[in-house]
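Biologist: Please take me through the terms one at a time, and let each value be set against its cut-off.

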Protein chains: 4
Amino acid sequence: MGKIEEKKKEKKQALLASAFQLFTEKGVDNTSVSEIVKDANMAKGTFYLYFKDKYEIHNYLIAYHANLIFEKAYEILDHQVLEKVFDSVEDAVIFLTGSIIDQLEANLSLMKFISKNLSWGVFSKIRIMDYDNQNCMDIFDSLLQAFSKKYRQKELMIYMIVELINATCYNVLLYREPVRLDELKPELFVAIRNLLKQFEE
Amino acid sequence: MGKIEEKKKEKKQALLASAFQLFTEKGVDNTSVSEIVKDANMAKGTFYLYFKDKYEIHNYLIAYHANLIFEKAYEILDHQVLEKVFDSVEDAVIFLTGSIIDQLEANLSLMKFISKNLSWGVFSKIRIMDYDNQNCMDIFDSLLQAFSKKYRQKELMIYMIVELINATCYNVLLYREPVRLDELKPELFVAIRNLLKQFEE
Amino acid sequence: MGKIEEKKKEKKQALLASAFQLFTEKGVDNTSVSEIVKDANMAKGTFYLYFKDKYEIHNYLIAYHANLIFEKAYEILDHQVLEKVFDSVEDAVIFLTGSIIDQLEANLSLMKFISKNLSWGVFSKIRIMDYDNQNCMDIFDSLLQAFSKKYRQKELMIYMIVELINATCYNVLLYREPVRLDELKPELFVAIRNLLKQFEE
Amino acid sequence: MGKIEEKKKEKKQALLASAFQLFTEKGVDNTSVSEIVKDANMAKGTFYLYFKDKYEIHNYLIAYHANLIFEKAYEILDHQVLEKVFDSVEDAVIFLTGSIIDQLEANLSLMKFISKNLSWGVFSKIRIMDYDNQNCMDIFDSLLQAFSKKYRQKELMIYMIVELINATCYNVLLYREPVRLDELKPELFVAIRNLLKQFEE
DNA sequence: GATGAATGAGCGTTCATTCAT
DNA sequence: AATGAATGAACGCTCATTCAT
């Protein structure tokens, strides 16, 4: 019956929502299963019907939200590409980067949650999960194709760009160290343009 | 009497050694104080004579080992500089980077330990601790001066380089994803050269 | 289902019984939660399902047993009042006192437990708890009304009488110092009669 | 050598002073030997050269300070008796009581410290200790003799008076329950006069 | 499928006491 | 006599997990 399936999905979503809120609020280590189920209005045992343990729900959430950020960024980008706003791939990537940084800046606890947990491996696993979004790589890929430019080692290039953004923004956004975001941004954009050039065929 | 002081230092060293081994083997969260003192052949209470809690010994170890890596790299570099091996700062930085990566590759659990815990703030605090070494920034600084080249925003530049190295090497060293180390290295080196150029005055 | 509720009540009762025995035997400070649950044949965690900490069960027991003593004394008194045994309020109060002293004498560890912990504030809080008995003040009140005599500052009067009884009996019952109980009693009764007179309007 | 004896007495006094301050400030259970010796500027081991354990120093302090209160009260009284200020024993006892209550009121943490720990047995042991003061009983005794009145069962009488004062003042001073001190005092004085009359021969 | 009472190993931390110096 | 480093049992408390209902 579809209704049962629906109810199960609702339960799972409720658990995910509660866990995400608590994880970002107080950290994963300081959040207990008890608190999650309490917040989700469920019995403790129910949690274990949907997730093997606390770490499964943790990984799920990282992948989910990391993907969400790219999705949102791409959504905005897509409109602009269609409207031929950008002269080059470089400009589009910079725009994408800016969009991602803006999202992270607007939600620091989300950035904290994702950043230190986001490993390259997670992206490739996102598809396995039950939300059928495009992932980060596809987004870049389609972007690069849209401008029909040829880059070698596309995956490595994207990897280096993503890691550079993530790594440099972390301290800057959370602690304003060693510089403020508005000081980092222009240099980061130049560095990304250079990385793109570096991988041109 | 000096003998007591000596014994105390030995105890502290034993605790640091045991903690480091266990932290790198099983992670900080999965290592208990009980295990540390057991490994160090001490009573539980003794731990608290030397460290306020698990996190104090953790921070101590991060700063200590991060510093050690730079020190070792710089030691080698120093000899080469004296012998005028390098034509430019760029070459020297690349050499330094290579040396650091080699160390990380040779000790993956150390890399794992440092990488996810190393925040920019830690560097500035290293001096405070009781080993009076030069730190990362000083090393770069003296390097740059040695070649009397002028760069703007040196701190930001170093920050971006260090974060790029750290971030890109993590997955590559630990999971060989998305490429192997020997595939990453040349591109990383080019990227670093570009970053240096970007900050030339 | 009622069965679960019943089992929970049984568990709580078992904890209370074990705690009371250990508290009176060895004192509150020398009794650990571990010992209580061991005596009650339960896991340590179970204790914390029923009481916030050691002090909650402690307060519960003080109030409970203090109330119990008054209740028992009043029960007997009630019958006698109905049978018009007493000529005056004074006689009834003396009877009540005697009855309370007898109970304390029969259970010295109970007396020790209650005496040093019983503060005036506890009485007013007894009602809050889940046994809905009359408390000390109500008992005296109804007694005084039964004989329709008017006293001023009833609460202060009762306070002074109760404290006098409690304070003088403590050393006498536990250490027979400075006199034996049978030497104290007549003088205590006279003193109480004088206190009652003192507060007549 | 006398100097060594003197130094030892100084150390003991320092420990007593530190312990008393900490006991009254934070309670006996929340004060550790570590804190006492730290406050007294001594090594931990030194404590055990002077006291068997924490409880020995505790008992010592109770007896000492309880005695001190009576002493102070008597000192004042003595002058007044010599000057024939009082017409009767009753008046003198009331004065003594007032003086004791004033001291307790002026130092609530002292009152808290003494009150619940003061047992009749402590008084008789005071003499054993190394401060050779008169104790409570002697004070009353000499008072009664000064007025050459005859009371029966003097010890019991004093016991009841002292316990009544102590017991009724405790809650009133600490929590103002069930009445304020100025409401208790007149009634307490009347009750004491009645007790004295009760024991007249 | 859902519950939540029960578990108990494990946590970090304290501290009275000992004893080599 | 004085020290203070070392001890380790014991503490209160947490919480992931189980399982009878």
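Modeller: For classes, Ala, Val, Leu, Ile, Met, Phe, Trp, Tyr, Cys and Pro count as nonpolar, Asp, Glu, Lys and Arg as charged, and the others, Gly among them, as polar. On that basis the surface near DNA strand E has 12 nonpolar, 7 polar and 11 charged residues. This is a predicted model, in which local features need pLDDT of at least 70 and side-chain atom pairs count only at pLDDT 80 or more, whereas totals for chains, interfaces and linings use all residues. Residues are numbered from 1 along each chain as its sequence is written, chains are lettered from A and ligands numbered from 1 in the order in which they are written, and side-chain values use heavy atoms, with hydrogens and water left out.

Biologist: What makes a residue near a strand, and how many residues surround DNA strand E?

Modeller: One of the residue's heavy atoms must lie within 4 Å of the strand. DNA strand E is surrounded by 30 residues, and the closest are A:T46, C:T46, C:Y50, D:V33 and D:Y48. Of the atoms of DNA strand E that come within 4 Å of the protein, sugar and phosphate account for 58%.

Biologist: Why is the pair formed by A:Y50 and a phosphate oxygen of DNA strand E called a polar contact?

Modeller: A polar contact is a pair of N or O atoms within 3.5 Å; within protein, one must be able to donate a hydrogen and the other to accept it, and residues adjacent in sequence count only if both atoms are side-chain atoms. A polar side-chain atom of A:Y50 lies 3.1 Å from the phosphate oxygen, so the pair qualifies. The side chain of B:S32 has an N or O atom 3.1 Å from a phosphate oxygen of DNA strand E, and a polar backbone atom of B:V33 is 3.2 Å from one.

Biologist: Which residues surround DNA strand F?

Modeller: There are 31 of them, the closest being A:V33, B:T46, B:Y50, C:K44 and D:T46. By class, 13 are nonpolar, 7 polar and 11 charged. A polar backbone atom of A:V33 is 2.8 Å from a phosphate oxygen of DNA strand F. At A:K44, a polar side-chain atom lies 3.5 Å from a base oxygen of DNA strand F, and that value still meets the limit, so it counts as a polar contact.

Biologist: What area is buried between chain A and chain B?

Modeller: Buried area is the accessible area (1.4 Å probe) that two parts lose on being put together, summed over both. Here the area is about 2,700 Å², of which carbon and sulfur atoms give 58%. In terms of contact (heavy atoms within 4.5 Å), 33 residues of chain A touch 33 residues of chain B.

Biologist: How are the two copies, chain C and chain D, related?

Modeller: Copies are superposed by least squares on the C-alpha atoms of residues with pLDDT of at least 70 in both. Chain D is laid on chain C with an RMSD of 0.6 Å by a turn of 177 degrees and a shift of 0.1 Å along the axis. The two copies are therefore related as by a two-fold rotation axis. D:L164 is the residue of chain D that comes closest to that axis, at 2.6 Å (C-alpha). Moreover, 97% of the interface residues of chain D are also interface residues in chain C, so the copies meet through the same surface.
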